[in-house]
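Have the structure open and follow along.

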Amino acid sequence: SLAHRSGLILVHSSLQNCCMGESGQCVCEVFLPDTSFPADRVESVQEDSKDFFEGKLEDYLNELSDLTERLESLQNTTDRYIKLDFELLRIELREFESLVNQLHLSFNSSSPMIESLYTEIQNMTSTVNLLESYDKRNLELIRRSFAELQEKLEECQREQDTLSVITPCFFLSSGNCNHKGILSISKPKVVQINGDLSSSYVYGCWGKDSKPDPGYESMYFYGGSSSTIYGRYYQLYSDYEKLILRSYFKRYSLGNDKGNNYIVHGNAMYYQAYSPLRMGKVNLTSLQLEYRVITEASERFSYSFINDQFLDFAADEKGLWVIYASEQSNGKLIVGKINENFLDIEERHTTSVYKVHATNAFMACGVLYVTRSVDLTTDEIFYAYDTQTSEEKYLNVPFQKFRDQYSYLDYNPTDQKLYMYNSGYYVSYDVRFNKE
């Protein structure tokens, strides 16, 4: 018999009617019962059985012994990864269940869609437990089911938002700035843990191209690390499903360069580079690198949640921006409009907000929005600066956080969402604007 020690594969063989053939070779009949999977290893056993029929019994046994050792070594390595992956699936399912419960409480009456989602989550939990003990190579299948479940959950969230939306609040078509600013932010939509499956990668970024080339409208990017200066590679995913499956189509390396605060705009990756402190730009097609030092930008002033965040890139309907502070501004936030062709700052606006008191900032329709912490579960947009009129005002637009601290928050004008990298998790928000 051939038994795999992992407990996943067990194949029995019985030797019957062994005799000496005319050529002097030992000839035996072998009975191999069917096994449902894995197909590739069954085929391997069938090929090895041919060698056995040809009389290479000793060679076969030697090869079998070597194969067993290699399989055990491979399986031991794979088990550690698979165990982690299945545990992460369970964590995500528990998070889905929590979100569905929140939706259920927010509705005044029962919803068939919510009941259906809850049933699906229970079924998927049972499926994950079964697959872990039965078929360790079906992770892609279960990931696809996760993507479908996530889409249904977001559809349910949109249904709730439609029911609860108030009259002045509405969603605009892409590129439309005919409104009076941000009115509210939706509840957080937790996509999943980062593409490296690492809970220690609490610093990073993710999102979409804010000015995509044709054919790349659905592309996502990600880069993460356990360090505030995470910057040696980033990954691109062709669409949302590939992001969920962690199946990137390109993985780029910045070589010996270091940086953070990635943003993709116009098929180029912009990031804070060291050292000296400067803006970095890499063309995603040609991989050509460009740099521009911002001499006035200071390394003394970072956001309150994270160190080493001195150049914060942002994109909106008006173009590409960089947010920083300087000694001349006494640590107050400065927002600069970037000339994408020359990688230079063509206009600057100094605000009255001290950078170290802010948790993050982003741009939408030429307006700088700054956030600060309220408590462990809530942040708020508390300040806005209009770069067109130089008008500034204080706001009170609260939004929930998935985890206490986050290292990345950016608005994307193509879908009017906020993308947050929250302690290793992908989180997004819908932005609602005020028409009055």
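## Two loop residues with positive phi

Let's start with L287, which is partly exposed, because its relative accessible area is 43%. You'll find L287 in the loop between β14 (278–283) and β15 (289–293). Its phi is near 65 degrees, a positive value in a residue other than glycine. For context, most residues other than glycine have a negative phi.

N330 is another one to look at, with a positive phi near 55 degrees, and again this isn't a glycine. N330 sits in the loop between β17 (319–325) and β18 (332–339). Its relative accessible area is 57%, so N330 counts as exposed.

The protein averages a pLDDT of 77, and 64% of the residues score at least 70. Residues 51–57 stay under 50, and the model gives that stretch ten contacts beyond four places in sequence. Over residues 163–169 the pLDDT is also below 50, with twelve contacts in the model beyond near neighbours in sequence. Where pLDDT is low, the predicted coordinates should not be read in detail.

## The disulfide

The structure holds one disulfide. Its partners are C177 and C365, with sulfur atoms 2.1 Å apart. This pair ties together distant parts of the chain, 188 residues apart. C177 lies in the loop between β5 (169–170) and β6 (182–185), while C365 lies in the loop between β20 (360–364) and β21 (367–373).

Which hand does the disulfide of C177 and C365 have? The torsion about the S-S bond is about -90 degrees, so it's left-handed.

## A cavity inside

How many cavities of 30 Å³ or more are there? The count comes to one. About 60 Å³ of space lies in the largest cavity.

What lines the largest cavity? The list is W206, G207, K208, S210, F221, I263, Y408, D410, Y411, N412 and Y419. Two strands, β8 (203–208) and β24 (408–412), each supply at least two of the lining residues. β24 gives the most, with four residues.

Technical notes
Residues are numbered from 1 along each chain as its sequence is written. This is a predicted model: local features need pLDDT of at least 70, side-chain atom pairs count only at pLDDT 80 or more; totals for chains, interfaces and linings use all residues. Side-chain values use heavy atoms; hydrogens and water are left out. Buried means under 20% relative accessible area, exposed over 50%, partly exposed in between (1.4 Å probe, protein chains only). On a 1 Å grid over the protein atoms alone, a cavity is a set of points where a 1.4 Å probe fits but cannot get out, and a pocket is an open set with protein on both sides within 12 Å along at least five of seven lines; lining residues have an atom within 4 Å of a point. Grid points are joined across faces, edges and corners, and a volume is the space filled by probe spheres set on the points. pLDDT is the predictor's confidence in each residue, from 0 to 100. Contact means heavy atoms within 4.5 Å. A disulfide is a pair of cysteine sulfur atoms within 2.5 Å.
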